[in-house]
Amino acid sequence: MPENGKLACFLCAKSYFKLGNVEKAKEFLRIYETCSYFQTDIRKIDGGKGPLYNKRGEIFLHENNVDSAEFYYKKALVSKMSRPNALLSYMGLCNVYERMKIPDSLFKYTKLYIAEKEKRYDAETMTTMA
């Protein structure tokens with residue numbers, strides 16, 4: 001599938017999720033995953049699996065399957081090129097630990113989220129000022 005088709009599948013999944021049609025979102029994520037990540041050559045995987053893992057975490061959290069949501073958010077953090085996905089992963093883990101009522105972990109990931117946000121703000125400010 002061409003790159004634009006894969007991107008369209010991922011964007012459809014995001015849109016269907018926002019519209020509340022979780023089953024359609026899952027279907028488009030499955031198509032996206034099949035076309036993107038089941039490559040015979042690992043070097044052909046662009047951008048890592050972080051966006052897919054974050055979206056899966058979001059869907060599992062929506063379905064109150066917090067253990068699976070936690071698993072996928074953490075997997076997104078350790079995937080290739082995790083930094084672009086870190087904010088989504090940290091926010092997702094904050095939501096997971098809020099539902100699980102684990103204040104220590106909630107505090108930890110809130111601090112990590114804030115630190116990442118500040119890093120990005122500082123980088124953007126430096127770029128703008130240069």
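## Cysteines

Cys94 is buried, at a relative accessible area of 7%; buried means under 20% relative accessible area, exposed over 50%, and partly exposed in between, with a 1.4 Å probe and protein chains only. Cys12 has a relative accessible area of 29% and is partly exposed. A disulfide is a covalent bond between the sulfur atoms of two cysteines. Here the term is applied to a pair of cysteine sulfur atoms within 2.5 Å. Searching the whole structure gives zero disulfides. Cys12 is in none, and the nearest cysteine sulfur, that of Cys9, is 6.5 Å away.

## Basis of the model

This is a predicted model, in which local features need pLDDT of at least 70 and side-chain atom pairs count only at pLDDT 80 or more, while totals for chains, interfaces and linings use all residues. Residues are numbered from 1 along each chain as its sequence is written, and side-chain values use heavy atoms, with hydrogens and water left out.

## The chain as a whole

The chain contains six helices and zero strands. These elements are DSSP runs numbered from the N terminus: H or I of at least four residues for helices, E of at least two for strands. Along the sequence the pattern reads α-α-α-α-α-α.

Of the chain's 130 residues, 34% count as buried. A contact means heavy atoms within 4.5 Å. Among contacts between residues at least 6 apart in sequence, 50% join residues at least 24 apart.

## Helices H3 and H4

Two packed helices are described by the angle between their axes and the distance between the axes. Axes are lines fitted to C-alpha atoms, for helices over the stretch in contact, and angles run from 0 to 180 degrees between N-to-C directions. Helix H3 (residues 50-62) and helix H4 (residues 66-78) have axes that come within 8 Å and cross at roughly 165 degrees. H3 is therefore roughly antiparallel to H4; angles over 145 degrees count as roughly antiparallel, under 35 as roughly parallel, 65 to 115 as roughly perpendicular and the rest as oblique.

H3 passes H4 in a left-handed crossing, a term for a near helix turned anticlockwise from the far one by less than a right angle, with clockwise being right-handed. The contact residues divide into eight nonpolar, four polar and three charged. Ala, Val, Leu, Ile, Met, Phe, Trp, Tyr, Cys and Pro count as nonpolar, Asp, Glu, Lys and Arg as charged, and the others, Gly among them, as polar.

## Helices H4 and H5

The axes of H4 and H5 come within 9 Å and cross at roughly 155 degrees, so the two helices are roughly antiparallel to each other. H4 passes H5 in a left-handed crossing. Contact residues include Val66, Tyr73 and Leu77 of H4, and Leu88, Leu93 and Val96 of H5. The contact of H4 with H5 divides into twelve nonpolar, two polar and four charged residues.

## Loop residues

Asn64 lies in the loop between H3 and H4. Its phi is near 60 degrees, a positive value in a residue other than glycine. Asn64 counts as exposed, at 58% relative accessibility. Lys101, in the loop between H5 and helix H6 (103-129), also has a phi near 60 degrees and is exposed at 69%.

Asn85 sits in the loop between H4 and helix H5 (86-100). Asn85 is buried, with a relative accessible area of 7%. Leaving out residues up to four places away in sequence, Asn85 touches Gly50, Pro51, Asn54 and Arg120.
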